[in-house]
Every structure is written in structure tokens, then in C-alpha cells.
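Take a moment with the sequence and the model below.

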Amino acid sequence: MDRFERACLIVNAASGSNTPEACDALGSGLKAQGIAIARTVAVPDDALPTPAELDAAGISLVAIYTGDGTLRSALTGLEEWGGAVLVLPGGTTNLLSKALHGDRPFEEILAELPRMQRRRRPCLRSEAGAAVIEVVAGPGAKWSDVREGLREGDVAAVASTAVDAAQASAGGSTVVLSQPNLGKPEGYSGVRLTPTREGIEVEGYGAETIADYFAQGIALLRRDFRSGPHDDLGFHPSVRCVSVDGSPIELMLDGERDCGGPEMQFSLAELKVDLLTAVDG
């Protein structure tokens, strides 16, 4: 097992759990494990660390206490690094932290650090870059803008972007799945792709599902349209998404908005970063 002496801590004040008190408690928890915090990176003000910078500082552990979007940027920037990464629940949804450690607070996760092992996980790669947790392709990806407003507590922005997202979901260009041909021939307003060891898990969401989600009221926006009715389309090594009308495909990569081309190829690959976990699998 690894013995870590020096760590880099990455935090984000805009993320769900990153209060000053929580960050102080996290630092104390690492020190209790005999790990000195050699560097603290506070995004977005500070640049994310590079492997060369970490090696030069004698740092072998990076602890990331942020939301999923910042987590994606940090992990993809650390590919091929020889150290290890501890993912902690510092955001709103914390999907990767839950997969690695279960739905637990960072205090419980830190207590298991001496028993953790390095493991690699699959990711999705495309011309838009790597996604560690999931990709949502299609006009339904605009719902990430609504979640951003919720995180910032901007009620007016939530209402405005929710209307835009509902209209885009109902009237935007659908995405058809090809190579392999999957699901409805008319396509979907939201295609969710999740990397698993069995392949890319593919789910299709219709416009009615996403629009109905808004119709139920702003209070339900704290939940996720992903829990609604959808088509389970199996597990595949790669998937091609095609915009029906040839317009650029709206994307949500690990919760962050992006925009791709009218055709996007997503392939299953290994994320070349060692992640610490005590959970088998």
C-alpha cells in the first residue's frame, strides 16, 4: 500500500460543499493521516496542477474536493502521472465520489485512506475530450444551465434557463444513434452515455420526458431528469451520435456544457489516472 507524505489539495469555493469550515476540516483530516498539505489549489483563481509541478514538489497524492466539472478537468490533466488521486464529495452530485466510496462524507472516506488501493476506471473519449462520469448529448444537455443557476442560488436565472431548456428539449434537433443503430429512428432529445467496465451504457430520453420534468414545477429541478422514463439501449464499445438536422450537438460533459459537431463518435477507453478506493470494482 502507498504511504503518502505530501499532498496537493484542490478546492472550489463555488462547489456545493466547499465552505471554509469544511475545507479546514478536510485539511485537518489529511494531517491526522500524517499527510502534509504541500500545496492548495483554489479554482477558478488558481491553475490546476500539472504532473511536472507535482513531481518537482515531491507530491504523490492529489485530493480533489470539488464538483464533477472541475474534477473532470483535474483528472484529465493528470493522465500518465505516477501519483494517486483521492476523489472527495465536494460538489452537488458527486457521482464519481459515490462510485468510488459510496454516498459518504469525506470524514468517513479519509478514515479508510490507509486501506485504499489504486484502481483505474473507464472513461468516454471523443473530439470534445474525455468525460469521466457521463455525457448527455442533444438539446436536453441545456438542463445543466438550470443546475448552474440552482447552485448559485439565482432564482431568476433558474426560471429563465428552465424555460429555455424546456423549449430546446421539445423543439431542438434530436440525436440519432448510429454505428450501432439503436433506439428510435427519429432520435432522442437527450442521449445519456455512461462509461462502465461492460461498455458504454446508452440511455435515450424523449422530449416529453424532459419537458414534463419542467412542467412539474421549479421545485423538482433539484432532482434530475435522468430518473425519468427512458429507453435502455444496452452496452457498447463505441457509439456514434448524429444530429437530425445537421446542427451542432449540444453536450453536457460531467455536468459542464459544451458543443460538438453534427456527428460525434464516443469510445470507451481507460482513464489513465490512479484513483484511490476501498470499494471493490
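Contact here means heavy atoms within 4.5 Å. Keep that in mind for Leu96. Leaving aside neighbours within four places in sequence, Leu96 is in contact with Asp68, Leu71, Leu75, Val87, Arg121, Val132, Ile133 and Leu275.

A word on the model itself. It is predicted, so local features need pLDDT of at least 70 and side-chain atom pairs count only at pLDDT 80 or more, while totals for chains, interfaces and linings use all residues. Residues are numbered from 1 along each chain as its sequence is written, and side-chain values use heavy atoms, with hydrogens and water left out.

Now the whole chain. The protein chain has eight helices and 15 strands. Both are DSSP runs numbered from the N terminus: helices are H or I with at least four residues, and strands are E with at least two. Of the 281 residues, 49% are buried. Buried means under 20% relative accessible area, exposed over 50%, and partly exposed in between (1.4 Å probe, protein chains only). Take the contacts between residues at least 6 apart in sequence: 73% of them join residues at least 24 apart.

Where do the buried nonpolar residues gather? In soluble globular proteins, nonpolar side chains tend to be buried together. A nonpolar core is a set of buried Ala, Val, Leu, Ile, Met, Phe, Trp, Tyr and Cys residues joined through side-chain atoms within 4.5 Å. The largest one here has 24 residues. Those with the most contacts inside it are Val62, Ile64, Leu75, Val85, Leu96 and Leu275. Several elements give it two or more residues, including strand E1 (6–12), helix H3 (68–77) and strand E15 (263–277). Another core lies apart from it, with 21 residues, among them Ala22, Ile109, Leu110 and Leu113.

Next, Pro49. It lies in the loop between strand E2 (36–43) and helix H2 (51–56). Is Pro49 buried or exposed? Pro49 counts as buried because its relative accessibility is 6%. Beyond its neighbours within four places in sequence, Pro49 is in contact with Cys8, Ile10, Arg39, Val41, Leu54 and Leu78. Ile10 is 39 residues away along the chain, yet the two C-alpha atoms are separated by 8.8 Å.

Finally, Glu203. Its place is in strand E10 (residues 199–205). Glu203 counts as buried because its relative accessibility is 7%. Which side chain makes a polar contact with that of Glu203? The partner is His230, at 3.3 Å. A polar contact is a pair of N or O atoms within 3.5 Å; within protein, one must be able to donate a hydrogen and the other to accept it, and residues adjacent in sequence count only if both atoms are side-chain atoms.
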